[in-house]
Amino acid sequence: MNNKIVAYIGILGVSLFGLAAIIGPLLIEDYSVVGQYISESFASNTEYGRYLQYFGYVPSGILTTIFCLNAFKYLPSSKLVTAGFIGLAIFYGMGTILVGLFPCDEGCNVELIDPSMAQLIHNAVAALTYIFVPISIIAIGLGLKRTTHAEGLAQIAITVGIVSSICIFLLFSDPGSSYRGLLQRIIEASFIFWIITCAINIKKGGYKNI
């Protein structure tokens, strides 16, 4: 698989996530992008939830996993870079697949009152994703920072990791916050920004075998 194909897979993967996250709220009356989680747009009771799951989030996760398992081959060689992308493949790529396959209950049951098994799986996977994805991105940044070829990409990775970590801390501190939707969208936008930026750099092909 050449660098351009890997790059396009990454861009398509996160684009599907972004489109699903934009389209979903438009299909639900009185949905608030500021005060409601993305997952609420494809919760188990939603009319178009399954379409968002199987045409948006699940394929997004599959493509993102493929991208992450190949991306490090086109970046400066580093154990941290490799470990970081494997972490992204597991916790962001496969994590997206799982939260897509196991939607949350109505309102995402923030207080966990008699939750379904799907809700419990959804919450557990989402928590692991938000804990380990920033760590993985920062690890990639630190690995790239040790080279002389990707300083700019390293700075972006570390910045994205820090910004997303701050938002995740705020979200975990108050899962029922009236701004939870906004915080989650900042987090997801930062992840998407990182993947697209990384894919664009890989598409240029300047780092292979360094």
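I began with Asp114, which counts as exposed at 73% relative accessibility, where exposed means over 50% relative accessible area, buried under 20% and partly exposed in between, with a 1.4 Å probe and protein chains only. I was working on a predicted model, in which local features need pLDDT of at least 70 and side-chain atom pairs count only at pLDDT 80 or more, while totals for chains, interfaces and linings use all residues. I kept in mind that residues are numbered from 1 along each chain as its sequence is written, and that side-chain values use heavy atoms, with hydrogens and water left out. I placed Asp114 in the loop between H3 and H4, the helices being DSSP runs of H or I with at least four residues (strands are runs of E with at least two), numbered from the N terminus. Although Asp114 is not a glycine, I noted a positive phi of about 45°.

**Loop between H1 and H2.** I then turned to Asp30, found in the loop between H1 and H2, where phi is near 65°, a positive value in a residue other than glycine. I recorded Asp30 as exposed, at 70% relative accessibility.

**Salt bridge.** How many salt bridges does the count come to? I found one, taking a salt bridge as a side-chain nitrogen of Lys or Arg within 4 Å of a carboxyl oxygen of Asp or Glu. The pair is Glu40 with Arg180, and the closest N and O atoms are 3.7 Å apart. Glu40 lies in the loop between H1 and H2 and Arg180 in helix H6 (residues 180–204), so the pair ties together parts that are 140 residues apart in sequence. I noted that Glu40 is buried, with a relative accessible area of 9%, and that Arg180 is buried as well, at 15%.

**Helix H2.** I looked up Thr65, which lies in helix H2 and counts as buried at 11% relative accessibility. Leaving aside neighbours within four places in sequence, I listed Ala89, Gly93, Met94 and Ile97 as its contacts, a contact being heavy atoms within 4.5 Å. Ile66 is also in helix H2, which covers residues 49–71, but Ile66 is partly exposed, with a relative accessible area of 32%. Apart from residues up to four places away in sequence, I found Ile66 touching Met1 and Ile9. From Ile66 to Tyr54 I noted 17 Å in space, C-alpha to C-alpha, for 12 residues in sequence.

**Nonpolar patch.** I next examined a nonpolar surface patch of about 1100 Å², made by Leu19, Ile22, Ile23, Leu26, Leu27, Tyr48, Tyr51, Tyr54, Phe55, Leu98 and Leu101. Helix H1 (3–26), H2 and helix H3 (79–101) are the elements that give two or more residues to the nonpolar patch, and H1 gives the most, with four residues. Patches are made of residues with over 30% relative accessible area and no salt bridge, with like charges joined within 9 Å and nonpolar side chains (Val, Leu, Ile, Met, Phe, Trp, Tyr) within 5 Å. The areas come from the Shrake-Rupley method with a 1.4 Å probe, and for residues only the protein chains shown count as cover. I placed Leu27 in the loop between H1 and H2 and recorded it as partly exposed, with a relative accessible area of 41%.

**Helix H4.** I closed with H4 (residues 117–145), whose 29 residues reach 42 Å from first C-alpha to last, close to the 42 Å expected, the expected span being 1.5 Å times one less than the number of residues. Where does H4 bend? I located a bend of about 25° at Phe132, with a proline, Pro134, following within four residues; the bend is the angle between axes fitted to the seven residues ending at a residue and the seven starting there.
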